[in-house]
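Notebook open. I want to see how the chains meet, and then look up one residue.

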There are 2 protein chains.
Amino acid sequence: MNVNKTVDSDAAPNPRNLIQQERSSAVFNPDLMNYFLEGSKERSEETKKMIQQMERDPILASRSNYYDLTKAEQRELTIKKINRLSRYIESETFDEFERRMSLISVFDPQLHTRIGVHLGLFIGCVRSNGTFAQVNYWALEKESAFIKNIYGCFGMTELAHGSNVAGLQTTATFDEENDSFIINTPHIGATKWWIGGAAHSATHCSVYARLIVKGKDYGVKTFIVPLRDSNHDLMPGITIGDIGAKMGRDGIDNGWIQFSNVKIPRFFMLQKYAKVDSDGNVTLPKMNQLSYGALLSGRVIMVKDAFRWSSRFITIATRYGVGRRQFQAANAKENDEESQLLDYPLHQRRLIPILALCYAFSNGANVLADSAKEANDILESAVSNDDKAGIDHGIALTKSLFVASGSLKSTCTWLTLENIDKCRQACGGHGYSSYSGFGKAYNDFAVQCTWEGDNNILGMSVGKQLVKNIENVLNKGEKLSGILEFLNDSSKYLNKEVVLNIDDLNSTEKILVALQVAIIRGSAQCLKTLQAQNDNWDYIGADLVTLSKLLAHFFLLKAFLDKVKTMGEGDEKPLIPILDKLAKLYSYTAALETFSGNFLTYSVISPDAMTYLTTTRIQELCAELRPHVIPLTDSFQLSDMMINSAIGGYEGNFYEEYFKIVNTNNPPENDKAPYNHLIMKMLHRGSYDDRTRQEFSDEVAELIDPELEDS
Amino acid sequence: MNVNKTVDSDAAPNPRNLIQQERSSAVFNPDLMNYFLEGSKERSEETKKMIQQMERDPILASRSNYYDLTKAEQRELTIKKINRLSRYIESETFDEFERRMSLISVFDPQLHTRIGVHLGLFIGCVRSNGTFAQVNYWALEKESAFIKNIYGCFGMTELAHGSNVAGLQTTATFDEENDSFIINTPHIGATKWWIGGAAHSATHCSVYARLIVKGKDYGVKTFIVPLRDSNHDLMPGITIGDIGAKMGRDGIDNGWIQFSNVKIPRFFMLQKYAKVDSDGNVTLPKMNQLSYGALLSGRVIMVKDAFRWSSRFITIATRYGVGRRQFQAANAKENDEESQLLDYPLHQRRLIPILALCYAFSNGANVLADSAKEANDILESAVSNDDKAGIDHGIALTKSLFVASGSLKSTCTWLTLENIDKCRQACGGHGYSSYSGFGKAYNDFAVQCTWEGDNNILGMSVGKQLVKNIENVLNKGEKLSGILEFLNDSSKYLNKEVVLNIDDLNSTEKILVALQVAIIRGSAQCLKTLQAQNDNWDYIGADLVTLSKLLAHFFLLKAFLDKVKTMGEGDEKPLIPILDKLAKLYSYTAALETFSGNFLTYSVISPDAMTYLTTTRIQELCAELRPHVIPLTDSFQLSDMMINSAIGGYEGNFYEEYFKIVNTNNPPENDKAPYNHLIMKMLHRGSYDDRTRQEFSDEVAELIDPELEDS
């Protein structure tokens, strides 16, 4: 009998030791690896400072009780956090605040979204569509950029129209006599729906509505409509309701809004492009302003999210898999201890590819973000210098990024949603506890596959670009640049020659070529089907989405390999062999194995190579990476606050930690349910005969059954 | 302007009409189709009667407010429902109550589980392991079978040992002097964990503990341990806590239990097999009693669940996809209306295969259930007649079913979890509303992949049976019967001959053969890898799971085709062509497309056939089934109460219905948040300079900056 912290009749399992052992035998420095993941030493250090600040913040930090809050409690806490964040905004740069938001997105996504609707969507809408004076008034003079006086919501989506902006049905009819617009919801289907912040917080809304002047419909424009006065009372003609419970992100007060002939001054229409003067003359911009840039930034954030979220959950599952013992290995001897979960080949195969994916995500997210910034800088400087060639170059860059980011947003969010659930399943029953973190995360993340461009719609549009571009290259001799440059070689690869044989699998460069070839042959096949189907693009929708996924993997693998190539000797040297293995495993699993049907159908890989890959090579590579999994997850440098999981903390002492968290949040001294009387009444309810007044008894039957009476 | 129910300035969308139109042009009778799904006319009618009874029951029926309940409210409501159900038990047959439970599992799974722990696990454990007197005492004399006096929980899982029963560490030490057992939890890792009913309801626990007599460990046996007295106060030595929040099924009061040297009489050990007499003599049964039967029944239920749950969610997504218009089709003319979602080929491809899968599930579930019952009857009658040959036959049948059910449980629960989320994503943003039903369902269902045998563990064990059996057939000339009979032909198929060319795709019989061949070639490949890996079965874990999935599809497709073959002329005739298409689509998508890598690697299908299948044939078949989707989902005959979705009701009037549900559960007259004062304080918090006492101002800088002072 051991007496230590508690009295134990037998030795308790010690997952901590197992994890610490692997940590102490790391062959590389997780700090240096973190520079690789964050993009540079400076970014790594900036990120850590910010996490430190937030995990010490009494309001902002997440704790285990986060998983026990009701919807009402989540909403209140989220406003407290927004209030707290509003103080940070007052004293930090835009870049700093952006980094802060990106981190908040991992440990409190509903906070990220709720504040993001005001700062990103509402103010962003005013900035994109408003005149200088309008931006100055609503964002700065009223100080709404610091979350003061005005809280905005973003009135785009309608009940019967989600992502189809052109089809929205709210109207803004010009009333010449009063120099006003009348905003109206014509029917239930045009009710603004899902509007974050509308139910409780918002004072104003940037409303997407059809501009109607003198009976003519000019299409959808944006208008600022006050919803609540400074006492937070609803303005007349405004009806607002609460959307209620959601699958996740219950901390956001999504609402619905109906406008019943609400009058706003003409100058509340955002008039940077389309303008209406007091006589009802409408000026429209010469070309439709494509706000690629604004859409791009949302996607950049979501690819970064994919990296951080996947990192968070693979860290939990990996630590659990190393610390947990269960069953004996098939080749164990009789008295061997039970095996660590992650020593089972299948468990390795379930988790280590996700770890490799995280490493691919990190670089892809960095490259995408840097390229978006670069394109934006080029465009801005060209515009301010009136440099036509520079503008064209900037636009071409942005368009290319738009394709890349579309494929990455959809592919990476889908994969991340899968990763969260795969990691949960790998933690067995304990993955089902709220305190392990998976449940709420799955629910919170799920919407990322739908918003900012439904993944299938995005995937189809990316695939369409691929097919159109390959047609231009093949039939019109066009030359492409940017992400799709490789399509220039299409004609060379249209035959059925095999690109990957067994010996080629060791070369990630060859696999990168194989991805290009798969995209080329797939696009060419689409073109063929399309012609057979009278150019009905909808018909090949599923194939277009597949092409988009392949393109995302091409981008991620290329970014990964490019980055490793830049790595020098010195300190970074020990990282390179590990990174090589990760890149390889990523390309084997996320690309070749997942799309094995495509690679085989298009003869990009030989059946023998595929057999070798799936039966042997992937498993071998997982085994080679197995000793490094703890240092590889430590390298994400997510603190316990960021991870917020009862079974995934750094220390690895997860049985005790989990037990403590369960007991702190559910004190065992409350040993009876609040509804205990109901249980007692049920269990001690008396006999059936008594309760039914003996009416169903033989005695009563004898009394009242005429047949018995007769007999 | 229309004045009807409301004042509309414009015509509202009318999804109802679209759905009703398709309903009215059905080419078959959904009632007859329901007989196919339920297995017979009688079962179909029985099922409907039961649903009618429950949807009218004021306590049992689910409503939209179900999605707004807190954990505390869910738990209380669940006990109210158990109380109500306890009255049904008093007056119906076992079969009736089983059917009732199976239906409850669809619309209130946490109720199903919470009551199931007592009736199925606790009483089941007493029945399987107890003597006649023990069963009679605890189940009947104390009336716990009617949920009276005693409420049982099932004490198997421990914190550090989930599914590995042999590794459990709770001890039951015989105390000869007092003719008692001492039940003890030796350390934190042996704490009983996840115990459904322990936190609030249970009075007794069937505890799995190591039997220790005179210092010798006899392995894990079962013991009845009272937890709470008739006042519901905890017995001494018993510590119980609440597990707290879970990913789903919060209506269940899962708890943890620690035993600190708790003394129970010797005759509280369940002694049907292992016995301990008062002198401490231990008698063990000659062979380990494999309770295949008990495990089998859980799996049968879960395959049925897969059918009903998938049916429920595909019904919602289909109705929404038919009633919702969004965007214009690629081949639309300029003034065409927006297209119905389900008229887009990609949308068809996302949903119609799930519909086909439901039809495959239904039959598979029926065949599995009937076979299990048959095997059980054969075994019981053989045992009571002491018929050795009959016993052998019964055992062989049961073993074969054990393999089939293992592959079906794991494969069907995985697919159902995927189906729920695919259907959610197909409903866009509205799929994310709790009131659409997907969120809670995903969370509730997720655990089915983990409990009653983790899917990966089950899959591996099924795959292992396949590989072992193929070895026996190939190397030892063994002949198999039952589900694995087709392996007898293995040697014939081990070459690389292609089974499926383009022309063969029209024959589901050929596809059934192709599935057999894929399993045979895959198993043979496993055998090869296994030999190269020194018989380390763990190494081929991933491939074993794949084999198990293929076996499940073989079983489901075979059951489907067999059933259709039995269908006569008469009334059923119009169903046959539709069912043929469904079987085909099921085999194309769930088997051939999903496992395309395997089918191609093993040359079971030609690359040309695969290209034709994925680019053209599947899409064509979806289009052929498209007109029938509403009648096909109506055929599930799930009433609105069972579906409980704001966007999936029969009437199809989903915008109005959804709006009404949101408003009923979140009355818009509550126009301010309970925490409104926090919002006001934030927005009107005064200037930064005032709040920081002007300390950061230039004026103060001038006063206290020595440099400024010097200058």
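First, the term I need: a polar contact is a pair of N or O atoms within 3.5 Å, where within protein one must be able to donate a hydrogen and the other to accept it, and residues adjacent in sequence count only if both atoms are side-chain atoms. I'm on a predicted model, where local features need pLDDT of at least 70, side-chain atom pairs count only at pLDDT 80 or more, and totals for chains, interfaces and linings use all residues. Residues are numbered from 1 along each chain as its sequence is written, and side-chain values use heavy atoms, leaving out hydrogens and water.

Entry: polar side of the interface. I get 67 residue pairs in polar contact between chain A and chain B, both at pLDDT 80 or more. I also count 8 salt bridges between chain A and chain B (a side-chain nitrogen of Lys or Arg within 4 Å of a carboxyl oxygen of Asp or Glu). One of them pairs Lys672(B) with Asp233(A), with the closest N and O atoms 2.5 Å apart.

Entry: extent. Chain A and chain B each put 151 residues into the contact (heavy atoms within 4.5 Å). I read about 12100 Å² buried between chain A and chain B, 57% of it on carbon and sulfur atoms; buried area here is the accessible area (1.4 Å probe) that two parts lose on being put together, summed over both. Tyr432(A), Tyr675(A) and Leu683(A) supply 7% of the area that chain A buries against chain B, more than any other three residues.

Entry: one residue. I looked up Thr416(A) and found a relative accessible area of 0%, so Thr416(A) is buried (under 20%, 1.4 Å probe, protein chains only). Among the residues that Thr416(A) touches, not counting those up to four places away in sequence, are Trp309(A), Phe361(A) and Phe445(A).

Methods
Chains are lettered from A and ligands numbered from 1 in the order in which they are written. Buried means under 20% relative accessible area, exposed over 50%, partly exposed in between (1.4 Å probe, protein chains only).
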